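Me: Could you walk me through this structure and explain the words you use along the way?
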Amino acid sequence: MAALRPELAAVLDRMPDERRQTVGGREYWLGHWHGHELVVVLSGIGKVAAATTATALIERFGVDRIIFTGAAGGLADGVRVGDVVVAHELLQHDMDASPLFPRYEVPLTGLSRFPTDAALARELIDAARKALADPAGELLDENAALEFSLQTPLVHEGLIVSGDRFVSTRVESAALCRALPDALAVEMEGAAVAQVCHDYGVPFAALRTISDRADDAAHVDFTRFIEKVASRYSAAILEAYFSPLS
């Protein structure tokens, strides 16, 4: 599952037998990867779009786990462009039903932080470290590495926060860091999917490549970064994830 079509491109290239179904305005590609049955879908941007897509995956297609992949803005010190973050938990940074409920808590759940599936997250962390051990090999071309000043990518694990706003100023990102000092990255979908998966009891994991630092330059070459870097990282990590299972 990903938000933007370029984030899916390299993944779909690995599924030679995919066939498309349209449900609720979304295109779902059904196919196989190393013999494992997959449903790949573009959710669109934002929490509502992500939540409805996740619900359809569970209700209509009967998936037994969901992995969300794509790009995110880096927040914490040391989380650089080109690094990868695997979530241990996700939080909606724009959820605030106070004073009825504590800030960030999703009403009637008692939760503000929705955990990912520990085993699934660990498998993705291991796959990411394996896949990104040699990014200068076939994974990225030299021009892309130079264009985005990429170093050897690090794999981080921890809190990812989500909200219905593209965080693109230094003031906004600094405010998030003050309010949520352990947040590693920010995006617009993951916490909503985590809530849906929690409700249904479906294992969930989130994998994000850092495309920017969620500051005043966040919009610069965002789409190009997804096409040249994030999509390839996602496909390589998922390749490493599925390969040992085949």
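Reply: Happy to! A nonpolar core is a set of buried Ala, Val, Leu, Ile, Met, Phe, Trp, Tyr and Cys residues joined through side-chain atoms within 4.5 Å. This is a predicted model, where local features need pLDDT of at least 70, side-chain atom pairs count only at pLDDT 80 or more, and totals for chains, interfaces and linings use all residues. Residues are numbered from 1 along each chain as its sequence is written, and side-chain values use heavy atoms, leaving out hydrogens and water.

Me: Which residues of the largest nonpolar core touch the most other members?
Reply: They are Val-40, Val-86, Tyr-233 and Ile-237, out of 42 residues. The helix α7 gives the most to this core, with 13 residues (helices, H or I, have at least four residues and strands, E, at least two; both are DSSP runs numbered from the N terminus).

Me: Why is Leu-75 called buried?
Reply: Buried means under 20% relative accessible area, exposed over 50% and partly exposed in between, with a 1.4 Å probe and protein chains only. Leu-75 has a relative accessible area of 4%, so Leu-75 is buried. Leu-75 is found in the loop between β4 and β5.

Me: What does Leu-75 touch, leaving out residues up to four places away in sequence?
Reply: Among its partners are Val-161, Leu-176, Cys-177 and Arg-213. Contact here means heavy atoms within 4.5 Å.

Me: How far apart in space are Leu-75 and Glu-105?
Reply: They are 21 Å apart, C-alpha to C-alpha, and 30 residues apart in sequence.
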